[in-house]
Amino acid sequence: GKHWGYGKDDGPSIWHQNFPVAEGDRQSPIDIMPQQASHDPNLGPIVLNYDHCTSLNICNNGHSVVVEFDDTDDRSVILGGPLDNPYRLKQFHFHWGGKGCHGSEHTVEGNSYASELHLVHWNAVKYRSFGEAASAPDGLAVLGIFLETGDDHRWLHTITDALYMVKYKASVTDFKGFNPKCLLPSSLHYWTYLGSLTTPPLHESVTWIVLKEPIAVSERQASFECSCSLGRKRIRGYAWKITSGPPSLSKAGKYAPPIN
Ligand SMILES: NS(=O)(=O)c1cc(F)cc(F)c1
Ligand SMILES: [Zn+2]
């Protein structure tokens, strides 16, 4: 596909040249403003059925480190919340800055976290392949989890240790028996909105479910480096149709003009 990155000549501000949908009206990431979120009582809790998930490998695609799963059946799915049916776990990956700095893509009241984990799921009820789902408005559901620096995360080291095996772009290595349930915070309270892939091709196909509670990882873990492009996309406009599980209440938000 077309080249893109996070530099001056290939970064977020010029992605629209090759990917015009970058100027669309449901682009991610956004800045989440909790006070402007509207609590939707019709939205129930999200449910993660990951007990029989099958991780396959870990690979560095030059933009991130991705752990891929066997998605040939509904063995590991996300359901509930804003979703009308189960979505199959396909992969998870991270976005981080260099040296543990602020690499998260979504921000909360303008504040970014050290890193952000994305668990990517696709609607296999309506679509026959991940590729087809990835360009459909209800094709994907991505669970976003913020990582903040604090204590060492007891399970993250299995991933960071594997990173040394995939330090260079296009390297892949076996990565069996990893269950991402160990990467979840204690609360599944969430914000949700309709958005897009945060990297090219930027398809507007993602129902975003962003957990309010971050997980703690150590400074060293947050700065794991590999030859992936580091950095993050410029924040587009902010759109909020949010939920959160029980508590947070506030008035409805709406699309705002994209920030240029
Ligand atoms: N970063 S993200 O989760 O929006 C994402 C997921 C994906 F499967 C492909 C992409 F290009 C981007
Ligand atoms: Zn991502």
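Is F92 buried or exposed? F92 is buried, with a relative accessible area of 0%. The model is a predicted one.

**Aromatic pairs**

The count of aromatic pairs comes to 9. One of them joins F69 and F92, with ring centres 5.8 Å apart and planes at 45 degrees, so the pair is tilted. It links distant parts of the chain. F69 is in strand β4 (residues 65-69), while F92 is in strand β6 (residues 87-96), 23 residues apart. F69 is buried too, with a relative accessible area of 3%.

F92 also pairs with F178, and this pair is tilted. F92 lies in strand β6 and F178 in the loop between β10 (172-174) and β11 (190-195), so the pair ties together parts that are 86 residues apart in sequence. Both residues are buried.

| Pair | Centre to centre | Angle between planes |
|---|---|---|
| F69 and F92 | 5.8 Å | 45 degrees |
| F92 and F178 | 5.7 Å | 50 degrees |

These residues belong to one aromatic cluster, formed by F69, F92, F94, W96, F175 and F178.

**A charge over a ring**

F19 has a charged neighbour. The charged end of K2 sits over the F19 ring, 5.3 Å from its centre.

**A buried glutamate**

E116 is found in strand β8 (residues 115-122). E116 is buried, with a relative accessible area of 0%. Its side chain makes a polar contact with the side chain of H118, at 2.7 Å. Leaving aside residues up to four places away in sequence, E116 touches several others, among them H93, F94, H95 and H106. F94 is also a member of the aromatic cluster.

Definitions and conventions
Residues numbered from 1 in each chain as written. Chains lettered and ligands numbered in written order. Predicted model: local features only at pLDDT ≥ 70, side-chain atom pairs only at ≥ 80, totals over all residues. Heavy atoms only, no water. Helix = DSSP H or I, 4+ residues; strand = E, 2+ residues; numbered from the N terminus. Buried < 20%, exposed > 50% of the residue type's maximum accessible area, 1.4 Å probe, protein only. Polar contact = N/O pair within 3.5 Å; in protein donor to acceptor, adjacent residues only side chain to side chain. Contact = heavy atoms within 4.5 Å. Phe/Tyr/Trp six-rings, centres within 6.5 Å; stacked < 30°, edge-to-face > 60°. Lys NZ or Arg CZ within 6 Å of the ring centre and 35° of its normal.
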